[in-house]
Amino acid sequence: MPILEVDGLKKSFGAVVAVDGLTMDVEAGSITGMIGPNGAGKSTAFNLITGLIRPDGGTVRFRDTDITGLESYEVAQRGIGRTFQHARIFDKMTVQENLEVVPSPAADTAAEVDRLLSLVELDEHRNAFGEELSGGQQVLLGIARTLMLQPDLIMLDEPFAGVNPGLVSDIAKLLRQLRDEEEATVFLIDHEIDEIAALCDDVIVMAEGKLLVRGEPADVRTDERVVESYLGGAM
């Protein structure tokens with residue numbers, strides 16, 4: 001059953017059509033990946049869904065409720081949490097403080113901080129400042145900050161960008177754990193089809209602001225439209 005449904009979403013910036021009638025959905029309890037070349041409209045679609053920008057047309061439904069055009073804080077209150085391509089953490093705060101400042105609905109905030117630091121394997125870094133973490137560790141901290149909101153849908157904008165291979169594996173392991181043990185739904189953007197294919201249950205490919213193809217990773221990798229439009233004609 002879809003937890004997120006997007007129908008005919010549109011957004012232009014002047015003469016540039018960034019998202020052109022996008023229709024798609026995300027199944028509850030899945031890890032869904034969205035890929036596409038630069039300028040395909042992926043980040044704009046994320047920003048439209050999460051209320052950072054308003055669409056010119058179309059609708060967004062979350063848990064069967066219309067959330068089109070809501071402010072970003074209202075979207076978050078309804079259960080959608082997100083990260084950004086560049087981790088939004090407080091450099092001059094410790095790892096623990098970065099979590100403590102998030103307005104969490106948890107009954108015991110201190111216990112939730114401890115649980116999440118253990119989950120993302122940053123417990124031994126709890127007293128380190130945000131600026132002292134590696135790029136991958138900052139991504140993990142950003143995910144933990146999002147999880148403090150206890151969202152039903154977690155949206156991640158390029159969580160693997162600039163991350164060393166060892167921590168890419170750690171992040172992928174965490175996302176599987178969120179799906180399998182926390183019963184969360186994960187929706188992420190990435191450029192690397194190999195990483196998406198290894199991680200995701202379902203893959204959405206965008207090109208020129210539109211849905212190009214979607215399906216299981218193995219089918220998407222061999223789809224002629226993806227090979228031509230996204231991979232430049234070569235696998």
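Reader: How do the residues of the lining of the largest pocket divide into nonpolar, polar and charged?

Author: Happy to start there, with the note that this is a predicted model. The largest pocket has a volume of about 570 Å³, and 26 residues line it. By class, that lining divides into 13 nonpolar, 8 polar and 5 charged residues.

Reader: Which residues are the closest to the centre of the largest pocket?

Author: The pocket in question is the one of about 570 Å³. Among its 26 lining residues, those closest to the centre are Arg82, Phe84, Arg145, Thr146 and Leu149.

Reader: Which element gives the largest share of the lining of the largest pocket?

Author: Good one to look for in the structure. The elements that give two or more residues to this lining are helix H2 (72-77), strand S6 (80-82) and helix H5 (135-147). The largest share is 5 residues, and it comes from H5.

Reader: How many charged residues are in the lining of the second largest pocket?

Author: The second largest pocket has a volume of about 160 Å³. Its lining includes Glu112, Arg115, Asp152, Glu182 and Glu183, along with residues such as Leu147, Pro151 and Thr185. By class there are 5 nonpolar and 2 polar residues, and the charged ones number 5.

Reader: What radius of gyration does the chain have, and why does it agree with a compact globule?

Author: Let's take the overall dimensions before the comparison. Along its principal axes, the C-alpha trace spans about 50 × 40 × 35 Å. A compact globule with 235 residues would have a radius of gyration near 18 Å, so the chain agrees with its value of 18 Å.

Reader: Why is H1 largely enclosed by the rest of the structure, and how many of its residues are buried?

Author: The buried residues of H1 are Lys42, Thr44, Ala45, Phe46, Asn47, Leu48 and Ile49. The helix is followed by Gly51, with a positive phi near 85 degrees. H1 is largely enclosed because the buried residues number 7 of the 8.

Reader: Is Thr44 buried or exposed?

Author: Thr44 lies in helix H1, residues 42-49. Leaving aside neighbours within four places in sequence, Thr44 is in contact with Lys11, Phe13, Ala18, Val19 and Ile53. Because its relative accessible area is 16%, and the cut-off is under 20%, Thr44 counts as buried.

Reader: What is the relative accessible area of Lys11?

Author: Lys11 is a partner of Thr44, and it lies in strand S1, residues 2-13. Leaving aside neighbours within four places in sequence, its contacts include Val16, Val17, Leu48, Arg54, Pro55 and Asp56. Lys11 is buried, and its relative accessible area is 13%.

Reader: Is Glu192 buried or partly exposed?

Author: Glu192 lies in the loop between strand S8 (185-189) and helix H7 (193-199). Its C-alpha atom is separated by 18 Å from that of Thr83, 109 residues apart along the chain. With a relative accessible area of 45%, Glu192 is partly exposed.

How values were computed
Residues numbered from 1 in each chain as written. Predicted model: local features only at pLDDT ≥ 70, side-chain atom pairs only at ≥ 80, totals over all residues. Heavy atoms only, no water. 1 Å grid on protein atoms, 1.4 Å probe; cavity = no way out; pocket = protein on both sides within 12 Å on 5 of 7 lines; lining within 4 Å. Points joined across faces, edges and corners; volume = space filled by probe spheres on them. Helix = DSSP H or I, 4+ residues; strand = E, 2+ residues; numbered from the N terminus. Nonpolar A, V, L, I, M, F, W, Y, C, P; charged D, E, K, R; others polar. Rg over C-alpha atoms; globule rule 2.2 N^0.38 Å. Buried < 20%, exposed > 50% of the residue type's maximum accessible area, 1.4 Å probe, protein only. Contact = heavy atoms within 4.5 Å.
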